[in-house]
Amino acid sequence: MKILYFASLKENLNTAHDEINIVSPVSISSIKKQLIEKYGAQYFPDNIMCAVNHEMANESTKVCESDEVAFFPPVTGG
Amino acid sequence: MDKIVVQTEDFDLTTEVSHTRNNNPQVGAIVSFIGTVRELHPGSISSMTLEHYPEMTEKSLKSIVTEARERWDLQNVTIIHRIGELKVNDQIVLVVTTSKHRQAAFESCHFIMDYLKTDAPFWKKESTEQKEEWVESLESDDEQKKRWQS
């Protein structure tokens, strides 16, 4: 499954996207756990935000292989 | 018709208000908000870069406007948010709301900005001669949004 990163998270991980293996359906919290194992917990603090198919999601949101999942820091537009 | 745009170019308030108003005889109130790039400390910031999540941004702005329409009786709404490199005093964002009465126009404009601040995927990075730094989100922005949820 493809994972997208934005802003400071993208810079800190030094990549804009990732490929991970999942068994569908899976919750965002499991994906986050997998990414923490790969990169370290410091990159995925509690306030990290997540979107699924371009809509805000939360830890309990379930996703499958074809969904677009993105992680990013709290937004600062406006 | 609503206008929701993300663009690098600047915008002109008079043109956008006129476009939003659209000579609609139902419009009795127009409220606009412009957010601009400010200096955090004297001489501290030389430029700001706005990044966004292109596929999600307009969708999230549209859903904020849809939610505003569920709360207030609105005519046309405009949101323009700029991306790319901006300098101190540059305009960043414009929200124009139109309605029959002033309360709906005032409140919906405020609501849209409060939700945009916490829900729309834009990120600011400030650059000075010394360093580049991502802007941290403010807890006060979440508090402002919560006011509309009570």
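## The open sheet of chain B

In this predicted model, four strands of chain B make up an open sheet in the order β1-β4-β6-β2, with mixed pairing; strands (E, at least two residues) and helices (H or I, at least four) are DSSP runs numbered from the N terminus, and two strands pair if DSSP finds at least two bridges between them. The edges of this sheet are β1 (3–7) and β2 (29–36) of chain B, each of which pairs on one side only, and the twist from one strand to the next averages 5°.

Within the sheet, β4 (residues 74–82) and β6 (residues 91–99) of chain B are paired in the antiparallel sense over six bridges, and B:Val77 has B:Thr97 of β6(B) as its bridge partner.

## A helix across the sheet

Helix α3 (residues 102–119) of chain B lies across β2, β4 and β6 of chain B and runs at about 145° to β6(B). Such angles, from 0 to 180 degrees, are taken between the N-to-C directions of axes fitted as lines to C-alpha atoms, for helices over the stretch in contact, where contact means heavy atoms within 4.5 Å.

## Pairing around β1 of chain A

In chain A, strand β1 (residues 2–5) pairs with β2 (residues 17–19) in the antiparallel sense over three bridges, and β1(A) also pairs with β7 (residues 69–72) of chain A, in the parallel sense over three bridges. A:Leu4 stands opposite A:His17 in β2(A) and opposite A:Ala70 in β7(A).

## Conventions

Residues are numbered from 1 along each chain as its sequence is written, while chains are lettered from A and ligands numbered from 1 in the order in which they are written. Local features need pLDDT of at least 70, side-chain atom pairs count only at pLDDT 80 or more, and totals for chains, interfaces and linings use all residues, with side-chain values using heavy atoms and leaving out hydrogens and water.
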